Amino acid sequence: MRDLKIPDQRHPEKAHRPDNAQPKKPSWIRVKAPGGQGYAETRKTMREHNLTTVCEEAGCPNVGECWSQGHATMMIMGEICTRGCTFCNVATGRPDALDVFEPGRVADAVQKLGLNHVVITSVDRDDLEDGGAEHFAQTIRAVRHRSPGTTIEILTPDFLKCAPSVLETVVAAKPDVFNHNLETVPGLYPEVRPGARYFHSLRLLQRVKEIDPSIFTKSGIMVGLGEQRPQVLQVMDDLRSADVDFMTIGQYLQPSSKHHRIDTFVTPEEFASYEKAAFGKGFLMVSATPLTRSSYHAGDDFARLRDARERRLAAAATPA
């Protein structure tokens, strides 16, 4: 049996990569170790429902804060990804068959945690004809049935090897937010995200808006991988050209010596500059801090996102 706690078995595609030094984190990156009653209760709920979370699998630095508040990002379709991105700590290999009872368990957990907003993500499932699109749709519908007042945000794979129609399956289930991360600038895709295609991901986001303009779209990148500021600004322009509403920017943190090296730690001042630039380009919502992750403070951000749209629509309707 494969033991995913052993690095070489968790990331067989990285086992023979040369080691990259892991630099000491600056003061603005350090976080408290997870703990406390809220954290323990969230962890217990996840275990009781046999659910995987990206918080644990990806080694998110915010897990202590989020779980202490009862927030967790559900990761469906297993814990093994068919891709081998060099930045990612999720295990790589051949996944197990889909669990048909998983949508119900996710819905039960959302109800038990009393979530006002839930984020549901997944591994890449290139082994499935539809990339897991129908499983996403079933999970959205199950949560809607159990918790009709809960807003739902999904963070999907790129469905690169699927028919274009599979995206319609997910969009038809009416998530409130459709998130798909570009992850980095296009020039770094060959070394950071080799199994993906930048313009395919961009087009995916654009198509969501074309299919259902009422759904908020969202995307994010990491910085500190070796990108330059003009490249980041170009990604902002590309996302706005695809009518994306919400952009997140966070610091890349190297999970192990076998993962992509950290090029630099971007300062909080530089993040503030990126945030200002992104708002200036027309995004409804921007989150740009060293610890920003796709689902960090997602519920609060969704409320601000919705308010921003209402203000913009009201302004557009007001005669000059």
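User: Why is Cys-162 called buried?

Analyst: In this predicted model, the relative accessible area of Cys-162 is 16%. Buried means under 20%, so Cys-162 is buried.

User: What makes His-259 count as buried, and which residues is it in contact with?

Analyst: His-259 has 0% relative accessibility. Buried requires under 20%, so His-259 is buried. His-259 belongs to the loop between strand 9 (246-251) and helix 11. Setting aside neighbours within four places in sequence, the contacts of His-259 are His-11, Lys-14, Arg-17, Asn-20, Thr-86, Phe-87, Cys-88, Asn-89, Tyr-252 and Gln-254. Cys-88, in that list, is also the residue holding the cysteine sulfur closest to that of Cys-81.

User: How far apart are His-259 and Asp-19, in sequence and in space?

Analyst: They are 240 residues apart in sequence, and their C-alpha atoms are 8.0 Å apart in space.

User: What makes His-117 buried, and where does it sit?

Analyst: His-117 is in strand 5 (residues 117-122). Its relative accessibility is 11%, and the limit is under 20%, so His-117 counts as buried. Not counting residues up to four places away in sequence, His-117 touches Thr-150, Thr-151, Glu-153, Ala-298, Gly-299 and Phe-302. Gly-299 is 182 residues from His-117 along the chain, yet their C-alpha atoms are separated by 5.2 Å.

User: How do you know that Thr-156 is buried?

Analyst: Thr-156 has 5% relative accessibility. This is under 20%, so Thr-156 counts as buried. The residue lies in the loop between strand 6 (151-155) and helix 7. Beyond four places in sequence, Thr-156 touches Phe-136, Phe-178, Asn-179, His-180 and Leu-204.

User: Why is Lys-174 called partly exposed rather than buried?

Analyst: The relative accessible area of Lys-174 is 40%. Buried is under 20% and exposed is over 50%, with partly exposed in between, so Lys-174 is partly exposed. Lys-174 also has a positive phi, about 60 degrees, although it is not a glycine. It lies in the loop between helix 7 (166-172) and strand 7 (177-179).

User: How do helix 5 and helix 6 pack, and which residues meet?

Analyst: Helix 5 (residues 102-113) and helix 6 (residues 133-146) have axes 8 Å apart, at an angle of about 35 degrees. The crossing is right-handed. Helix 5 brings Glu-102, Pro-103, Gly-104, Val-106, Ala-107, Asp-108, Val-110 and Gln-111; helix 6 brings His-135, Gln-138, Thr-139, Ala-142, Val-143 and Arg-146. By class these are six nonpolar, five polar and three charged residues. Gly-104 is in the contact, and Gly counts as polar.

User: At what angle do helix 10 and helix 11 cross, and what makes the contact?

Analyst: The axes of helix 10 (residues 229-241) and helix 11 (residues 268-280) come within 10 Å and cross at roughly 35 degrees. This crossing is right-handed. Arg-229, Val-232, Leu-233 and Met-236 of helix 10 contact Ser-273, Tyr-274, Ala-277 and Ala-278 of helix 11. The classes are six nonpolar, one polar and one charged. Arg counts as charged, so Arg-229 is the charged one.

User: How much of the protein chain is made up of buried residues?

Analyst: Of the 320 residues, 52% are buried. The chain has twelve helices and ten strands.

Key: Residues are numbered from 1 along each chain as its sequence is written. This is a predicted model: local features need pLDDT of at least 70, side-chain atom pairs count only at pLDDT 80 or more; totals for chains, interfaces and linings use all residues. Side-chain values use heavy atoms; hydrogens and water are left out. A disulfide is a pair of cysteine sulfur atoms within 2.5 Å. Buried means under 20% relative accessible area, exposed over 50%, partly exposed in between (1.4 Å probe, protein chains only). Axes are lines fitted to C-alpha atoms, for helices over the stretch in contact, and angles run from 0 to 180 degrees between N-to-C directions. Helices (H or I, at least four residues) and strands (E, at least two) are DSSP runs, numbered from the N terminus. A crossing is left-handed if the near helix is turned anticlockwise from the far one by less than a right angle, and right-handed if clockwise. Contact means heavy atoms within 4.5 Å.
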